[in-house]
Amino acid sequence: MLSRNFRLQRVGDFNWLKTNYVFSNISLSIDELIVLDVSRQNRDPYTFCEHLKRVSEDCFMPIAAGGGVRSIEDADRLLCSGADKIVVNSPLYSNQDLIKSLAERFGQQCIVASIDIKRDTGNDYHMWVENGGRLLENNASFWLRKISKLPVGEIYLNSMDRDGTGQGYDLDIINNLPSHLHVPIILAGGAGNSRHLAQGLADPRVDAVATAHLFNFVGDGLYQARRKLIAAGVELPIWSVWSEL
Amino acid sequence: MTQRKTITVVDYGMGNLWSVISAFRFLGFSPHISSDPIEISTAENLILPGVGAFPLAMKTLRERGIDIAIKKAAENRNTRILGICLGMQLLGATSTEGGQVIGLGLIPGVVTKFNQSKNKPIKVPHVGFNLVRRPKNSRLFVNLPDMADFYFVHSYRMLAEGLDGHVATCVHGDQFAAAYENDNIFATQFHPEKSQTNGLALLQNFLR
């Protein structure tokens, strides 16, 4: 799936990915993979886990997976299918007890809080849940203050306005976070080239940048982006090319 | 092509076996999962993975007779053992996690929680890729550079001081043992199955 401002566009299923791109090559340019089930209806967690297993079969980096996690069992199923971390969104607002139980069971480092934020007409930001379908009352700062007190290991902050546009990250969404946060921040939504990734990483509040943009899959886009970032002095982990081994 | 070496992955209900198995499959091996003490004690290459708490893991190993099986396998010089993450800690002498708990004692190391330094606070758990300094003469790190990135997720670690054998080190606050090898006992605190080609190379070396 590709999405633009949260409207989904079907690209192809996992077989399409395997046929059209050598994902195991692309995967060598990333530190971590995030796999989300963005189905809006008729979610089938079993099929999703089968796909996750196949993705993780030849990807050897940490994987965060989520989309529709509503119970310990949902999380456990993902963790047994190759995921190392669980991504949660709606329960951050609707079921904070679940977040606590997940952290107790699997450890705080296992929980990634995924937060979708949209600028309103008055320049304030709001958080949306349920696949971006439901606007929460109170502004984003209010919710982020609450969420930062939950036992989560990372915060994945996504700009719905920039999502899929390739126009660059909205760095202002970070202003919604409380200061003195001890949890790593992953910035998402809007990257369209390596310059955008560098802009995100240059912000001292940002620990990681995420991208799902098509440039990842075109030619050696992601490989080149990583190479440029390393050449520019961004401290990314380095691993040898497989053929050198 | 499937290679002929046999690999036995210990299943004691803690840890994500799928990733470890996928990595060995990728390298052309057909790992075998087992919780049977007899199979474990006679394995050719034994992998002890693990994610979770030390006391519960030791209790489970003991209840299933796997602790004795692993020790038997270690005495048998034809068996190579690789402990990964919690698996490395379990091979150690003791851990302070949940009190003072005795480990398998195959590595003379003590496992303790990360020290919080006053000057420069560190994040615990230690999560993410971090640089590992390899020991000079090492089987695991053949063809890897002096410093290489590996993926870590842990709150406890084995101190490097006083360990015999070849010890790779990593710094998070203070220095700790990132990997260990001595004779037929091998261990990594990081996850080679989650460390891209650096980790695959290390697993390949273990089986070489």
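This is a predicted model: local features need pLDDT of at least 70, side-chain atom pairs count only at pLDDT 80 or more; totals for chains, interfaces and linings use all residues.
View 1. Along the principal axes, the C-alpha trace of chain A spans about 50 × 40 × 35 Å.

Local features need pLDDT of at least 70, side-chain atom pairs count only at pLDDT 80 or more, totals for chains, interfaces and linings use all residues, and side-chain values use heavy atoms, with hydrogens and water left out.

View 2. Of the 245 residues of chain A, 47% count as buried; buried means under 20% relative accessible area, exposed over 50%, and partly exposed in between (1.4 Å probe, protein chains only). Chain A exposes about 11900 Å², with carbon and sulfur atoms supplying 48% of it. Those areas come from the Shrake-Rupley method with a 1.4 Å probe, and for residues only the protein chains shown count as cover. There are 25 positive and 29 negative side chains in chain A, and the centres of the two sets lie 4 Å apart. For this count Lys and Arg are positive and Asp and Glu negative, with His and the chain ends not counted; each charge is placed at NZ of Lys, CZ of Arg, CG of Asp or CD of Glu.

**View 3. The largest nonpolar core, around A:Ile155.** The largest nonpolar core has 57 residues, of which A:Leu78, A:Leu92, A:Ile115 and A:Ile155 touch the most other members. Such a core is a set of buried Ala, Val, Leu, Ile, Met, Phe, Trp, Tyr and Cys residues joined through side-chain atoms within 4.5 Å. Helix 6 (residues 96–106) of chain A gives this core its largest share, five residues. Not counting residues up to four places away in sequence, A:Ile155 touches partners including A:Ala113, A:Ile115, A:Leu177 and A:Pro184. Apart from this core lies another, of 36 residues, among them B:Phe114, B:Val132, B:Phe176 and B:Ala201.

View 4. Chain B has six helices and 13 strands. The radius of gyration of chain B is 16 Å, close to the 17 Å from the globule rule for 208 residues, so it is as compact as a globular protein of that length. Buried residues make up 59% of the 208 residues in chain B. B:Ala178 counts as buried, at 0% relative accessibility. Leaving aside neighbours within four places in sequence, B:Ala178 is in contact with residues including B:Met88, B:Val132, B:Phe152, B:Cys170 and B:Phe190. The C-alpha atoms of B:Ala178 and B:Leu131, 47 residues apart along the chain, are separated by 9.5 Å.

**View 5. B:Ser19 and a contact with chain A.** B:Ser19 lies in helix 1 (residues 17–26) of chain B. With 5% relative accessibility, B:Ser19 counts as buried. Beyond the neighbours within four places in sequence, B:Ser19 is in contact with A:Gly82, B:Glu193 and B:Lys194.

**View 6. Backbone details worth a look.** Most residues other than glycine have a negative phi, and most peptide bonds are trans. The bond from B:Val124 to B:Pro125, however, is cis, with omega near 5 degrees. B:Pro125 sits in the loop between strand 7 (110–113) and strand 8 (126–133) of chain B. A:Asn42, which is not a glycine, has a positive phi of about 50 degrees. This residue, A:Asn42, is in the loop between strand 3 (33–36) and helix 3 (45–57) of chain A, and counts as exposed at 73% relative accessibility. B:Gln196 also has a positive phi, near 50 degrees; B:Gln196 lies in helix 6 (residues 196–207) of chain B, and counts as buried at 2% relative accessibility.

Technical notes
Residues are numbered from 1 along each chain as its sequence is written. Chains are lettered from A and ligands numbered from 1 in the order in which they are written. Helices (H or I, at least four residues) and strands (E, at least two) are DSSP runs, numbered from the N terminus. The radius of gyration is taken over C-alpha atoms; the globule rule is 2.2 Å times the number of residues to the power 0.38. Contact means heavy atoms within 4.5 Å.
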